[in-house]
There are 2 protein chains.
Amino acid sequence: MQIARQRLEGPDGISERILVRETGTEAWFDVRAAARLRALERGATPAGARRLAETLVPSSMSAALSLGQAFHDAAQDALTAAREDTAVSDPVLTNALDPTSYRDFMVFQEHFSFGYRWQNKPVPDVMYELPVSYAGDPLSFLGPGDPIPWPPYTERLDYELELGIVIGKPGTNLTPDQALDHVLGLTILNDVSARDIQAREMTGGLGPSKGKHFACVTGPVITTLDDIPDDGLSVRARVNGETWCETTTAEMVWSVAEIVAWASQGETLRPGALLGSGTCNGGSTIEIGRTLSPGDRLELEIDKLGVLANTLATPTGSAWEPKPRPRGADGTTTDLHFLR
Amino acid sequence: MQIARQRLEGPDGISERILVRETGTEAWFDVRAAARLRALERGATPAGARRLAETLVPSSMSAALSLGQAFHDAAQDALTAAREDTAVSDPVLTNALDPTSYRDFMVFQEHFSFGYRWQNKPVPDVMYELPVSYAGDPLSFLGPGDPIPWPPYTERLDYELELGIVIGKPGTNLTPDQALDHVLGLTILNDVSARDIQAREMTGGLGPSKGKHFACVTGPVITTLDDIPDDGLSVRARVNGETWCETTTAEMVWSVAEIVAWASQGETLRPGALLGSGTCNGGSTIEIGRTLSPGDRLELEIDKLGVLANTLATPTGSAWEPKPRPRGADGTTTDLHFLR
């Protein structure tokens with residue numbers, strides 16, 4: 001099954017509607033419309049059917065996944081019944097998932113080996129001991145077609161072509177054998193990066209933050225795990241129509257199952273959480289010696305997951321930047337503050 | 001004003017109710033109860049008043065803040081009208097804020113200087129050039145009184161006594177002069193840490209993640225900024241009744257206004273976002289050479305913000321840990337995977 005969200009403008013503003021289809025087919029079905037018709041078939045009044053459908057199939061994918069089997073039943077029914085008046089042709093899709101939390105791993109060896117060289121560091125042993133990650137901001141997610149903002153404080157905007165792992169049901173202290181049962185499916189992830197500020201702030205050993213938090217893109221669909229072959233998916237990045245990257249998801253130092261299992265140790269993974277694989281080998285501009293400009297069109301493609309296409313916006317607004325603190329001979333500052 | 005949430009068990013399970021009081025007074029008022037009475041006074045039917053009050057004053061503080069002035073009006077009315085039948089005495093408080101996103105800065109000089117020494121690194125210049133941060137998981141937040149889980153993979157659990165900055169209204173590219181107008185108020189934050197795994201994973205230069213994501217604690221109240229003096233708040237940590245830390249919030253290399261302004265560059269801070277100050281000077285066990293054990297009782301206190309008290313749970317469950325990947329003479333591995 002593939003799950004997506006259609007963005008619709010109506011009298012109440014913009015809202016999203018959850019759609020499903022069989023992987024490999026064209027026709028989408030509107031899950032809330034199907035749930036309303038099903039409720040009518042099962043004796044609900046028109047007003048009751050509408051209320052029930054709105055609750056079972058909210059606009060937020062994370063909110064839908066938080067309903068457990070009730071939502072999955074509605075999605076499966078929409079597909080199975082395939083009611084003609086719930087079919088949607090050529091929908092404008094937005095991000096399938098509005099994540100409730102987001103962390104990004106770094107499991108592609110060529111990419112992380114390059115990344116450490118880029119920071120003038122050796123590859124740390126820990127990269128081969130456990131899956132290492134950082135967390136991002138779940139509030140800054142965009143979908144296909146959305147312009148990617150170019151922050152005023154960067155001159156070096158970059159894409160990162162990644163695999164996104166969507167958690168479907170809660171899990172704690174999972175083993176790799178149990179982990180995949182908690183994964184709803186996979187989606188494309190563009191962990192947009194501002195390389196200049198990222199390199200500066202990462203000398204502090206934390207994050208990154210300002211190099212990442214301004215935007216992240218997912219979509220256009222979530223393909224459920226039962227439709228994903230285990231021998232790897234082909235991956236491509238095109239910029240203005242030219243292929244800049246061609247690789248496979250088969251080259252991960254840590255598997256999807258191991259990533260999910262490790263993420264779940266000592267904490268509860270929740271429905272709607274998004275885990276990124278880290279950049280595929282060759283899947284950003286720094287490692288291929290290219291640069292991006294405002295107006296460039298990105299197309300990130302993964303077999304079975306579609307194409308995630310966005311255009312880079314023009315930088316707008318002027319940024320405030322902190323002034324470095326004055327420091328004494330011992331390297332510390334006495335210029336200390338509280339609120340102001 | 002102080003804002004808090006009361007946790008109540010009812011026939012529908014556990015839910016939270018938003019309370020307000022004047023800073024420095026005892027009596028709390030239930031904002032949803034007040035909104036229902038106000039709606040009745042303004043001509044609503046009993047059922048309509050109840051529906052309106054539930055919408056204006058949800059259980060989630062982030063959802064309430066997302067309503068803008070409509071929620072603030074309801075909170076102010078609850079306080080001003082001070083209706084006797086909306087008063088709540090001795091409520092059991094949980095985390096005032098269920099954050100929608102969380103990032104933690106590191107602006108206390110003695111703490112971060114110790115932290116880098118602890119990692120055998122010099123203090124990087126960037127710490128005096130801009131406020132450096134990492135993001136945490138907004139889904140793992142606990143409140144006062146909740147047991148702090150002890151993950152099975154750590155032997156070195158620690159608290160971090162911090163100031164939490166609660167964003168009240170959206171803002172982008174703010175200057176420090178504008179920033180405080182977007183802050184609802186301050187709360188106590190315990191950025192719970194598993195030091196052994198944190199030290200290991202941070203050799204990868206990302207995060208931290210598993211050293212942090214399993215738990216974070218805030219509360220018991222949010223005190224609005226107009227009730228906070230600018231000359232610093234006294235801060236104390238007690239463990240099993242013994243004072244382990246006594247310091248002030250006045251010693252920040254970057255001010256609250258600068259932290260918020262920098263966080264807002266190139267991105268939109270949203271209501272319900274939580275920004276942490278980083279650990280106050282001396283505000284964790286590593287820098288004072290102490291250790292914690294299961295069952296220890298923590299009391300983190302900040303003037304005007306109350307006391308955040310929790311007990312450390314006993315480790316339960318057995319953790320799965322990844323096996324290190326075999327590597328060849330060039331340091332890389334050929335043991336690569338996709339799903340499994």
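Modeller: Two residues are said to be in contact if their C-beta atoms, placed from the backbone, lie within 7 Å. Please note that this is a predicted model, in which local features need pLDDT of at least 70, side-chain atom pairs count only at pLDDT 80 or more, and totals for chains, interfaces and linings use all residues. Residues are numbered from 1 along each chain as its sequence is written, while chains are lettered from A and ligands numbered from 1 in the order in which they are written.

Biologist: Which domains does chain A have?

Modeller: The domain assignment, which is automatic or taken from a database, gives domain 1 (2–93) and domain 2 (101–311) in chain A. Their centres, taken over C-alpha atoms, are separated by 28 Å.

Biologist: How many residues of domain 1 of chain A are in contact with domain 2 of chain A?

Modeller: Ten residues of domain 1 of chain A are in contact with 14 residues of domain 2 of chain A. On the side of domain 1, β1 (2–10) and α3 (61–65) of chain A each give two or more residues. Helices (H or I, at least four residues) and strands (E, at least two) are DSSP runs, numbered from the N terminus.

Biologist: What classes of residue are on that side of domain 1 of chain A?

Modeller: That side has six nonpolar, four polar and no charged residues. Here Ala, Val, Leu, Ile, Met, Phe, Trp, Tyr, Cys and Pro count as nonpolar, Asp, Glu, Lys and Arg as charged, and the others, Gly among them, as polar.

Biologist: How many helices and strands are in chain A?

Modeller: Chain A contains eight helices and 20 strands. Its radius of gyration is 22 Å, close to the 20 Å that the globule rule gives for 340 residues, so chain A is as compact as a globular protein of that length. The radius is taken over C-alpha atoms, and the rule is 2.2 Å times the number of residues to the power 0.38.

Biologist: What share of chain A counts as buried?

Modeller: Of its 340 residues, 54% count as buried. A residue is buried if 20 or more other C-beta atoms lie within 10 Å of its own, exposed if 12 or fewer, and partly exposed in between, with C-beta atoms placed from the backbone.

Biologist: Which residues are buried in helix α1 of chain A?

Modeller: In α1 (residues 31–41), they are A:V31, A:R32, A:A34, A:A35, A:R36, A:R38 and A:A39. The buried residues of α1(A) pack against β2 (13–21), β3 (28–30), α2 (46–56) and α4 (69–81) of chain A. Just after α1(A), A:G43 takes a positive phi of about 95°.

Biologist: What does A:V31 touch?

Modeller: Not counting residues up to four places away in sequence, A:V31 touches A:I18, A:L19, A:V20, A:V57, A:A74, A:A75 and A:A78.

Biologist: Changing topic, how many residues does each chain give to the contact between chains A and B?

Modeller: Chain A gives 77 residues and chain B gives 77 residues. The largest share of the side of chain A, five residues, comes from α8(A). By class, that side has 38 nonpolar, 24 polar and 15 charged residues.

Biologist: What rotation superposes chain A on chain B?

Modeller: A rotation of 180° with 0.0 Å of shift along its axis does so, with an RMSD of 0.0 Å. That is the relation of a two-fold axis. The superposition is by least squares on the C-alpha atoms of residues with pLDDT of at least 70 in both copies.

Biologist: Through which surface do the copies meet?

Modeller: Of the interface residues of chain A, 100% are also interface residues in chain B, so the copies meet through the same surface.
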